[in-house]
There are 2 protein chains.
Amino acid sequence: MDTVAIRHLYHSTDEYVGKSVTVAGWVKTVRDSKTFGFIELNDGTFFKSVQVVFEDKLDNFKDIAKLGVGAAIIVTGDLVATPGQKQPFEIKATEIVVEGSCPAEYPLQKKRHSFEFLRQIAHLRPRTNTFAAVFRVRSLASYAIHKFFQERDFVYAHTPIITGSDCEGAGEMFQVTTLPQVGAKLDDQGKVDYKEDFFGKMANLTVSGQLSAETFAMAFRDVYTFGPTFRAEKSNTPRHAAEFWMIEPEIAFADLEDDMRLAEDMLKFVIKYILENAPEEMAFFNQFVEKGVLDKLNHVVSSDFGRVTYTEAIEILENCGKTFEYPVHWGCDLQTEHERFLAEEHFKKPVFVTDYPKEIKSFYMRLNDDNKTVAATDLLVPGVGELIGGSQREERLDVLLERMAELGLKEEDYWWYLDLRRFGGTRHAGFGLGFERLIMYVTGMTNIRDVIPFPRTTGQADF
Amino acid sequence: MDTVAIRHLYHSTDEYVGKSVTVAGWVKTVRDSKTFGFIELNDGTFFKSVQVVFEDKLDNFKDIAKLGVGAAIIVTGDLVATPGQKQPFEIKATEIVVEGSCPAEYPLQKKRHSFEFLRQIAHLRPRTNTFAAVFRVRSLASYAIHKFFQERDFVYAHTPIITGSDCEGAGEMFQVTTLPQVGAKLDDQGKVDYKEDFFGKMANLTVSGQLSAETFAMAFRDVYTFGPTFRAEKSNTPRHAAEFWMIEPEIAFADLEDDMRLAEDMLKFVIKYILENAPEEMAFFNQFVEKGVLDKLNHVVSSDFGRVTYTEAIEILENCGKTFEYPVHWGCDLQTEHERFLAEEHFKKPVFVTDYPKEIKSFYMRLNDDNKTVAATDLLVPGVGELIGGSQREERLDVLLERMAELGLKEEDYWWYLDLRRFGGTRHAGFGLGFERLIMYVTGMTNIRDVIPFPRTTGQADF
């Protein structure tokens with residue numbers, strides 16, 4: 001169909017003033033008096049709607065005046081500048097065709113709906129202002145991430161979703177199977193015979209693409225993944241989802257410092273991209289969702305992120321005179337309250353905490369010379385706590401094997417991962433960014449269910 | 001680390017000539033005589049390697065001369081132009097640091113390896129020329145797809161991977177579960193009680209994001225998905241994988257013609273992007289993988305794609321004088337041999353076949369006025385057959401319900417999909433592009449296992 005996107009009318013108004021245009025979209029409101037009326041029309045291409053003026057000259061004036069909220073229409077008319085008014089222009093309709101009506105049962109009548117209610121109609125909620133804004137920002141943020149890495153010649157790797165590796169911490173994993181849940185063939189010991197399953201062995205949904213990404217970094221140097229990951233954790237909280245998207249860059253010939261620089265550059269790039277490309281949506285969030293979110297983000301973009309070691313951070317927390325719910329001591333895992341204190345009250349800007357005790361971090365993180373800490377970092381940001389977690393990877397085969405033995409990990413499960421240290425290994429590093437957490441941070445939305453089109457959580461896989 | 005990417009040395013040689021540079025990468029070959037030697041060094045940022053010249057002035061000359069293929073090194077030296085030689089420049093090393101050695105067992109010694117062999121070392125194969133080229137092209141193609149849609153203001157929708165909908169054709173789906181495979185609680189009828197499962201009901205891996213994408217198109221008008229999809233089909237062929245990526249745009253206020261125009265524009269954009277951004281890789285494919293692939297792609301980019309109805313196509317096939325393995329008659333599904341004849345011999349260019357019999361197409365495709373065919377299209381391309389499948393969607397609630405009843409589909413399973421026709425429905429259309437099939441087409445690779453980093457197929461989920 002030959003129609004103009006409302007986005008273009010706003011961005012190139014001068015081109016269209018005085019001309020006849022055809023737009024197609026959905027009715028947000030209709031007001032009418034006896035001889036004329038106004039329609040607020042939104043076509044989804046732009047956050048703002050366009051005002052359509054229609055008069056009783058139209059054959060179908062009465063039908064149009066009775067249009068329900070949500071109806072799909074195609075409007076042809078003259079675009080007229082309206083300087084000094086709320087809208088910079090309006091369309092004086094010469095023809096309105098009803099493409100799809102919308103009855104009064106339509107759940108999205110013009111009033112405020114709770115986010116809880118809107119989750120039950122997740123198939124319709126992108127038509128509301130809030131979710132139109134959230135999901136456009138999510139789309140732009142996705143693109144910004146690709147743009148950032150691709151402009152720096154990183155190779156995008158589609159790491160596998162289904163994994164046959166046992167090495168990702170099977171406890172919280174979803175099993176993927178084509179075996180019947182009742183009556184699967186058993187082996188001699190009464191256990192399920194996974195040789196009969198689709199992949200010839202037990203398979204799960206991935207919890208991270210990192211180990212696979214490392215194989216690519218050892219070939220392409222700079223790579224990233226961006227894909228769905230899964231956690232079968234029964235945490236019914238506003239911050240946990242069973243299915244979420246992760247970004248995991250991996251860089252070779254690079255250390256923790258390079259890694260932190262990359263994380264800082266990436267985060268600033270993505271935030272700037274959103275601020276520039278979704279100003280209407282961001283103004284909406286600033287007004288209705290999180291007052292001050294624009295200041296918060298502008299501050300992040302203009303700050304030089306701080307650096308502090310875990311050991312120093314513990315000292316700061318111990319001496320700050322504040323009482324925390326979880327007491328602080330060297331060796332403890334930092335809780336959100338600690339992270340937020342550091343970022344919000346002490347540093348007053350994003351801060352990288354580095355060199356955590358090895359006991360609270362993963363086996364693949366590089367052991368520091370003190371033999372107590374690893375070259376890991378968490379980026380803490382005001383308002384949320386941890387946003388990014390990264391590390392330099394252990395590239396020394398002997399050290400890695402020792403660490404694996406300490407933790408009871410089996411060498412044969414990791415043969416290919418260990419090969420990376422046998423054949424031309426090099427220092428390398430990477431980090432993980434939970435995409436939904438980023439979107440919550442940028443939009444001010446406080447429930448992960450409200451930044452995912454169709455969220456999957458404990459007991460919930462509708463739509 | 002402060003090093004220069006070899007890509008930059010090639011793209012901005014003049015900037016570096018006569019200067020000292022530091023590069024880091026992996027040894028492809030080493031040749032040495034008594035007093036000097038050459039290293040072909042590749043850092044993964046560029047398809048071509050750089051030649052490093054080293055002399056016995058270096059303290060570690062003997063160690064360097066003995067370096068194994070695959071070793072990781074950091075080279076500092078002067079970049080010298082070498083006009084008239086095979087390489088435009090070389091680096092005269094002043095220092096070479098060995099970052100990671102590589103023993104003789106390294107499986108990628110300088111010789112040809114079969115693709116079958118390389119699949120067994122999928123963690124190392126991106127280090128070979130062929131797979132370095134394949135996976136860089138895969139990365140660039142991914143980005144080109146995002147770029148194409150984002151520049152046209154399409155909203156990228158992350159449709160769910162885990163689905164609780166029964167409506168996608170459960171036969172070929174993988175089940176996702178946290179129930180034990182033996183001893184799961186049964187209900188009164190001896191069936192598994194899925195209320196006990198993670199999502200409170202049976203869940204599967206998605207086979208398509210289309211239905212979800214339609215909900216977004218009814219809000220944003222133009223949207224697309226790009227994510228993994230799954231098929232638990234036990235087809236052990238070079239064209240089938242259990243896990244693959246799909247691109248599924250969906251456009252509102254649009255008909256089949258708009259859909260075909262979008263598909264043609266997208267395909268040409270992506271191919272052009274690859275030709276422009278991976279000329280070295282494409283030259284390699286043209287020489288070693290599929291002779292003539294460049295001509296093939298340039299022809300696609302410069303063709304106006306043909307259009308033919310299914311009914312006309314059947315007539316062409318019936319009257320072409322060729323004997324096919326599968327006989328042709330109106331109502332039959334087109335086989336690859338038919339598709340390739342049409343694209344390669346009859347039209348000699350990509351061609352959209354439209355308006356297929358409803359019996360061989362999906363329930364959601366829009367019924368044409370003849371009541372016999374639906375507004376569906378397949379794009380057939382020379383050398384491969386079907387590359388894209390799309391359709392205008394049935395937006396008329398009554399017609400859709402009738403079609404579903406004919407096929408025995410339950411209304412309650414589709415309540416949200418049907419809502420899209422109840423509340424401001426509009427004509428809309430979309431298509432699906434199997435990403436791996438596109439990569440095979442563009443690179444000339446003939447086995448889907450060789451265009452996926454870690455392929456998942458029947459009996460195979462290693463790494």
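In this predicted model, strand S8 (residues 175–177) of chain A and strand S8 (residues 175–177) of chain B are joined by 3 bridges and run antiparallel. Within this pairing, Val176(A) has Val176(B) in S8(B) as its bridge partner. The two strands belong to an open sheet of 6 strands, in the order S7(A)-S9(A)-S8(A)-S8(B)-S9(B)-S7(B), with antiparallel pairing. Strand S7 (162–163) of chain A and strand S7 (162–163) of chain B each have a single partner strand and stand at the edges, so one side of each is left without a neighbour in the sheet. On the chain A side, S7(A) is joined by 2 bridges to strand S9 (residues 203–205) of chain A, and the two run antiparallel. Here Thr163(A) stands opposite Asn204(A) in S9(A). Strands of a sheet pair through backbone hydrogen bonds, either parallel or antiparallel.

**The interface of chains A and B**

How much area do chain A and chain B bury between them? The value is about 9,500 Å², with 61% of it on carbon and sulfur atoms. In chain A, the residues that lose the most area to chain B are His158(A), Gln181(A) and Phe198(A), which together account for 9% of what that side buries. The contact draws 115 residues from chain A and 115 residues from chain B.

Polar contacts between chain A and chain B number 41 residue pairs, counted where both residues are at pLDDT 80 or more. On the side of chain A that touches chain B, H5(A) gives the most, with 12 residues. By class, that side of chain A has 58 nonpolar, 35 polar and 22 charged residues.

The interface of chain A and chain B also holds 6 salt bridges. One of these pairs Arg427(A) with Glu99(B), at 2.7 Å from N to O. Arg427(A) lies in the loop between helix H13 (415–422) and strand S16 (428–434) of chain A, and Glu99(B) lies in strand S5 (residues 89–100) of chain B, so the pair joins two chains. With a relative accessible area of 24%, Arg427(A) is partly exposed. Asp462(A) likewise forms a salt bridge with Lys201(B), where the closest N and O atoms are 3.0 Å apart.

**Salt bridges in the structure**

Over all chains, the search of the whole structure finds 50 salt bridges. Side chains of opposite charge can pair when their charged atoms come close.

| Pair | Distance (N to O) |
|---|---|
| Glu55(A) and Lys57(A) | 3.6 Å |
| Arg136(A) and Glu281(A) | 2.8 Å |
| Arg427(A) and Glu99(B) | 2.7 Å |
| Asp462(A) and Lys201(B) | 3.0 Å |

Is the pair formed by Arg136(A) and Glu281(A) made of buried or exposed residues? Arg136(A) is buried, at a relative accessible area of 4%, and Glu281(A) is buried as well, at 1%; the cut-off for buried is under 20%. The side chains of Arg136(A) and Glu281(A) meet at 2.8 Å, N to O.

In the pair of Glu55(A) and Lys57(A), Glu55(A) counts as partly exposed, at 31% relative accessibility, and Lys57(A) counts as exposed, at 68%. A network of salt bridges links Glu257(A), Glu264(A), Lys268(A) and Arg307(A).

**Strand S12 of chain A**

Arg307(A), a member of that network, lies along strand S12 (residues 306–309) of chain A, where the side chains alternate. The bridge partner of Gly306(A) in S13(A) is Val351(A).

**Helix H13 of chain B**

Helix H13 (residues 415–422) of chain B is mostly covered, with 6 of its 8 residues buried. These are Trp416(B), Tyr417(B), Leu418(B), Asp419(B), Leu420(B) and Arg421(B). Against which elements do the buried residues of H13(B) pack? Their partners in chain B are helix H6 (210–220), helix H12 (397–406) and strand S16 (428–434). Just after H13(B), Gly424(B) takes a positive phi of about 65 degrees.

Terms used:
Residues are numbered from 1 along each chain as its sequence is written. Chains are lettered from A and ligands numbered from 1 in the order in which they are written. This is a predicted model: local features need pLDDT of at least 70, side-chain atom pairs count only at pLDDT 80 or more; totals for chains, interfaces and linings use all residues. Side-chain values use heavy atoms; hydrogens and water are left out. A salt bridge is a side-chain nitrogen of Lys or Arg within 4 Å of a carboxyl oxygen of Asp or Glu. Buried means under 20% relative accessible area, exposed over 50%, partly exposed in between (1.4 Å probe, protein chains only). Helices (H or I, at least four residues) and strands (E, at least two) are DSSP runs, numbered from the N terminus. Two strands pair if DSSP finds at least two bridges between them. Contact means heavy atoms within 4.5 Å. Buried area is the accessible area (1.4 Å probe) that two parts lose on being put together, summed over both. A polar contact is a pair of N or O atoms within 3.5 Å; within protein, one must be able to donate a hydrogen and the other to accept it, and residues adjacent in sequence count only if both atoms are side-chain atoms. Ala, Val, Leu, Ile, Met, Phe, Trp, Tyr, Cys and Pro count as nonpolar, Asp, Glu, Lys and Arg as charged, and the others, Gly among them, as polar.
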